[in-house]
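User: I would like to understand how the words used for a structure follow from the values behind them. Could we go through it term by term?

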Amino acid sequence: MATYSITPIPAFNDNYIWLIHDTQHAWAVDPGEALPVLHYLNHHQLTLAGILLTHHHADHCGGVATLRQHYPSLTVIGSPKDPLPPLTRAVQEGDTLLLAPLDLTVTVIEVPGHTLGHVAYFGDQCLFCGDTLFAGGCGRVFEGTAEQMWHSLDKLNQLPASTRIYCAHEYTESNLTFAIRVEPDNPDLQQRLQQVRAARSQHQITLPSLLAWERQTNPFLRLHEPTILHHLEEWIGHPLSTDPAQRFSVLRQWKNLC
Ligand code: ZN
Ligand code: FE
């Protein structure tokens, strides 16, 4: 049984800062803001031991400097391939990290596309994937190529179906609303959209997701489906090759315009 908990701390409009903690210590994933983290730590009498960063955007690392002022011996982990705040440990693909003193070890997975140095952290069936894989969708391709982003998503899709997805934004409802245009006849998707709409109307969080659900409902992981291919070809106006990266690129362009 896990001896730690994972708590979402809402930040900005739709970010979640994930706090991994026991009754004394905590690690924060992507603290874009310091204040909500400091409030939570104070209120629950927790000490911040470390920070995991997935990528360099301000809504993910903007709170690091202030948190470091409060906790000078803080461990700060991220990829040297992204322009992050100063790190105490630079990591790369395959590195394993014990989030001491918590009882959790995670492995680093490089997932370029949204940014060139984007990484995800995976351990104990939990995936912290920042802005790469979202519930019902995926991040925008800002720095890499569509091909890179597709490979990154495909890499995450190799993890066990039981993997819980702790992504960084509450985008699930708008993602699934788009997904149903691309695959209107998918009953799992219809059902999930209903559940997510009900949850959001009560201001409830829709995360973590489960990789099994993503395989059933996330169009970016379902590019092989004939219905999706049909809708993509209809939208772009010409036939597409069997190359999944090309299909991904068309689907991402379509989503960008919605
Ligand atoms: Zn981002
Ligand atoms: Fe973000």
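User: Why is E214 called buried?

Analyst: Buried means under 20% relative accessible area, exposed means over 50%, and partly exposed lies in between, with a 1.4 Å probe and protein chains only. E214 has a relative accessible area of 0%, so E214 counts as buried. This is a predicted model, in which local features need pLDDT of at least 70 and side-chain atom pairs count only at pLDDT 80 or more, while totals for chains, interfaces and linings use all residues. Residues are numbered from 1 along each chain as its sequence is written, chains are lettered from A and ligands numbered from 1 in the order in which they are written, and side-chain values use heavy atoms, with hydrogens and water left out.

User: What makes the contact between R192 and E214 a salt bridge?

Analyst: The term requires a side-chain nitrogen of Lys or Arg within 4 Å of a carboxyl oxygen of Asp or Glu. For R192 and E214 the distance from N to O is 2.9 Å, so the pair meets that definition. The two residues link distant parts of the chain, R192 in helix α6 and E214 in helix α7 (residues 211–217), 22 residues apart; helices are DSSP runs of H or I with at least four residues, strands are runs of E with at least two, and both are numbered from the N terminus.

User: How do you know whether K155 is buried or exposed, or something in between?

Analyst: The relative accessibility of K155 is 33%, and therefore K155 counts as partly exposed. K155 forms a salt bridge with E93, the closest N and O atoms being 3.0 Å apart, and E93, at 38%, is likewise partly exposed.

User: Which residues are the protein donors of the zinc ion (ligand 1)?

Analyst: They are H55 (NE2), H57 (ND1), H114 (NE2) and D131 (OD), lying 2.2 to 2.3 Å from the zinc ion. Donors are N, O and S atoms within 2.8 Å of the metal (3.2 Å for Na, K and Ca), and because water is not among the atoms, sites may look incomplete.

User: Why is the arrangement around the zinc ion (ligand 1) called irregular?

Analyst: Four donors count as tetrahedral if all angles lie between 85 and 135 degrees; four count as square planar and six as octahedral if opposite donors are over 155 degrees apart and all others between 65 and 115; anything else is irregular. The four donor atoms around the zinc ion subtend angles of 87 to 174°, which makes the arrangement irregular.

User: What lies between the zinc ion (ligand 1) and the iron ion (ligand 2)?

Analyst: D131 bridges the two ions, which lie 3.3 Å apart. With a relative accessible area of 4%, D131 is buried.
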